[in-house]
Amino acid sequence: MLTYFFKRCAAIVPVLVVVSILACGFVRLLPGDPARMMAGPDADAATIEMLRAQLGLDRALPVQYVTYMGNVLRGDLGLSLKTKLPVFQEISLRYLPTMYLALAGMAWSVLFGVFFGAVAAIYNGKWQDHTAMLISVSGISLPQFWLGLLAIQLFAVYLGWLPVAGFTGKWSELVLPSFTLGATVAAIMARFTLSAFLDVLNEEYISTARAKGVPERRVMWKHAFRNALIPVVTMAGLQFGFLLGGSVVVETVFAWPGLGRFMIEAVAVRDYPVLQALLLLYSFHFVFINLLVDMVYALINPEIRFE
Amino acid sequence: MTDAKATPFRIAWYKFKQRKTALVAGVFIVLLVMAAVFAPVIAPYDPYATNYGLSMLPPSAEHWAGTDLYGRDILSRILYGARISLAVGLTSVLAGALAGVALGLISGFFGGFLDGLIMRTSDVLFAFPGILLAIAIVAILGPGLVNVVVAVSVFSLPTFARIVRGSTLALKESLYVRAARSIGASRKRIMFVHIMPGTLSGVIVYFTMRIGTSIITAASLSFLGLGAQPPTPEWGAMLAESRDYIGVADHMTIFPGIAIFLTVLFFNLFGDGLRAALDPKLR
Amino acid sequence: MFAKRLFLVLLCLATAAAPAFGAAKDVIYASESTPKSLDPHDTTDTYSGAIEKAMLEGLMGFDKDLKVIPLLAESYTFNSAATEFTFKLRKGIKFHDGTPFNAEAVRVNIARLMGGKLKRSSLMKPVKELVVVDDATVKFVLNEPFGAFINTVAHPGALMLSPAAIAKHGDQVSKNPVGTGPFIFVEWVSDTVKIKKNPGYWRGAPKVDSITFRPIPESGSRVAMLRAGQAHYIYPMPAEMLKVVQADPKIEIIERPSIVERYLVLNTRFAPLADQRVRQAINYALDKQAIIRIAWGGAATEADSIIPPNLQYYKKQSAWPYDLAKAKALMKEAGYEKGFTVVFLTPNPSNRLRATEMVQQQLKEINITGDLQSMDVASFYNKLEANRADDPNLMPFIAFGGWSSSTGDADWGIRPLLATQAFPPSLSNFGFFSDKKVDELIQAGLVSADPAVRREAYAKCQDAAWPMAPWGYLFVDKLIAAKSKTLKGIYPLPDGGFSVENAELTD
């Protein structure tokens, strides 16, 4: 087990390295002089030169990379071009709202996704199956921002049940945005749950149980469902990355004070230090979540470990 | 009467026909493409023509989908928007497919270091969810639809590469290919004439499914202000304009959204049908 | 073991419930703009200035109708030549950090301004020296007679910071402002500023515990927050949603006359825009009534001079008519029949964005085309302020700008925008407009203390500048704010700022 863990860790290191090189070198890809860009438009020549030396832009590329990564590991992500505050500080302010949103979205998607998928599997072939699958395909086809606008229209403007936008710490504000975010993933989860469920239902131990005379309900619940859950749970973990990505759009629709909206604002004003840091942050999240999911899956499914 | 030959194409077509939803979706897609192509002819108004006196009118006989904030006819804008969405969707996936197929073939066929490099890079691209990668690319290149196409094709790339690589690996060892090699066919010939066609079914399926995602991503980017710029009649951009008028002019939110939804839905259903038809293992 | 657990749970519940008891009176002000600075000596935008005025005070101030009133000064006198102004300071006032307010404090602040490097240093240009007469008396000795000096002293650029804070923070005092005002600075985190009440305020403690200023540039979201009770006061209230809000019994609308004028900054360093005929063509091509109706929800009146009607020494010109044929003819005459490309810059609050889109649509008719770039208010002004006249790579922009003269006087409504001396970074002549005659007339109005002389100078100035079309003229705002009925005492000022010292929350 431990060897598997180390093997997987070793495997993600090159990915992390490449990702960090991309994020670091991101600014160099821009047309023009990076130091000028980072110093901001109202900096004078002296400041630009100072920044150039500080960032090591006059040294060789590998050295630059090492310096940058060294800074990152120390928590120094540079200063925002717009506010001149440390990027680390700006990010930590917005981290939690996005996490709340993503986790709540995950909750919705698992709840709805697994439910619809299970229904479709149990009633395989009947109208519930087709309806569930149609809903699922619709979920994938709905643009998240449109769903959000419609949800605001219905639940906030016309019915007045929920707040429209913003986040001041109240739970009610989390409902609409997280639902919107989770809807697409719910659709994906439903399809996946269905096929996982069906796969399990075809297994031998199911027919054995049935042959033994175990009541259908128990077969479904105790054997099929629980075994199908394993791949479903791991799939859920993988979808977390998708949720983080989708949060960008949802946060914009709901004026949510999180990382997603921060990223869009940074793009609008070309705040490169912030963008660099966010790219690093997001990609490291995905890589580590994938690792985590792999580990959980390996824990549950011993076959994988010995490949 | 002669027996119809059970060619692979015929079998696929038969299976495809069985899924009615896919068939209906296919018909709608054809209609959509025609609407897009003939938009200049069908559209009742110039999509860019403003008419400040007719701001935000609800649907009526003169304007079937109503007018937007600046008095422009929404139906005409939706029709022209179809051109944009389809063009962007198809082009970006095509670009991604071409690049992905090429890389996948090379990767699977040659193996070794090249394979490792290509697969690691696509792992990296996998590490980002599509829209973040797209935003990063747009942040570098600047806003605009062309850059959106570039961004979307980049994140479609890895999966195409993977699919093709997988098929290539399998086909490399097949009897068919070994026979070709034994008679001295050149590597290039083997790759493109013998292996590639075998990978196509997987590519085609994924291709159709990607179009839906591409259209939504392009619309999302435009909604965020990073894609199509005003006054381009792109569906996502139209939804961005409608945001402040929810409760005041709801038609501005509903019609462009329905357009995106239905288009993507049809492509997805069509893709599902294709998958069922071409891949016997799946449900 | 169990009892311990139970105790912890109860403790948690108790602490969670605690805020419900004696809920703090925190007012939430939802704005459209983002703050740029909280250092009054370095502030150029109305929004930042208004927040500063809640925490800091000057020798003189303005009342709600923009009339000058004594504040930290008890009284003042001046000599007949208008070259010496003596202020008697109020006694017993302390800054929030305990430093006493006295003549020395004034000296430190004025010296800082006169040091010349801050954005509002130009306010003190007329001053030759500041004399400390005694602990509670200061005298300004001017280089030349300047009748409107009292207005200058009342300008938010001359607010008083604690000398201890200046000494401690230097230029970073923008993030640590300390004053004598009714509210004390708490924090400035990303775009949100929070201030809390000053119990020892010399005019009596405010009735609310704190105020939080949150920027929400999307007008729909701003209104939604007000209706949902997540904000108590919003400004501006988007006029296109007035119908929706008027029907809401919990909300009250406030309308005030304003001195905010909106215009398109034309970069006259860009060859086509340097040609007066092109600029005039632009003005003929703008359908201002439509822009007002659709982008501004009807809450504005067409501009008919380079300064708004409520400003001292305004002289009405005639509003520039919408005449597309004439616009085309002028473009042809200037040799730009085929048009040219520009970049349309705009801050991102919804109404300004829409107005700029309409400008983009309308200028297309005379073949001026280009992409739109939008960003938050602070970044927009940073961008414009960073331009330099001698830069060969200046962006050919048309930018959606605006101005309100925070002194209530014509000088401050014209000089920072159109004088040659006012090129960035010095002041706000972002279009680099320069004309000798206009400069002379501005100067004539500046140096005199005689109202008759000033009136004539400014009349001539407006007569001269208007036809030159330095800008694309747009309109003068009607100020509309909206608030929850539980909030009293906050109202908008004609310059687009606000007064919060009498804020009160009733339940």
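Of the 317 residues in the largest nonpolar core, those touching the most other members are Met189(A), Ala134(B), Ile135(B), Val148(B) and Leu264(C). Such a core is a set of buried Ala, Val, Leu, Ile, Met, Phe, Trp, Tyr and Cys residues joined through C-beta atoms within 7 Å, where buried requires 20 or more other C-beta atoms within 10 Å of a residue's own, with C-beta atoms placed from the backbone. The model is predicted: local features need pLDDT of at least 70, side-chain atom pairs count only at pLDDT 80 or more, and totals for chains, interfaces and linings use all residues. Residues are numbered from 1 along each chain as its sequence is written, and chains are lettered from A in the order in which they are written.

- Leaving aside neighbours within four places in sequence, Ala134(B) is in contact (C-beta atoms, placed from the backbone, within 7 Å) with Val148(B), Ala151(B), Val152(B), Phe155(B), Thr217(B) and Leu221(B).

**Helix crossing in chain A**
- The axes (lines fitted to C-alpha atoms over the stretch in contact, with angles from 0 to 180 degrees between N-to-C directions) of helix H5 (residues 87–122) of chain A and H8(A) come within 5 Å and cross at roughly 35 degrees.
- The crossing of H5(A) and H8(A) is right-handed, the near helix being turned clockwise from the far one by less than a right angle.

**Interface of chains A and B**
- Contacts link 34 residues of chain B with 35 residues of chain A.
- On the side of chain B that touches chain A, H11(B) supplies the largest share, eight residues.

Methods. Contact = placed C-beta atoms within 7 Å. Helix = DSSP H or I, 4+ residues; strand = E, 2+ residues; numbered from the N terminus. Buried ≥ 20, exposed ≤ 12 C-beta atoms within 10 Å, placed from the backbone.
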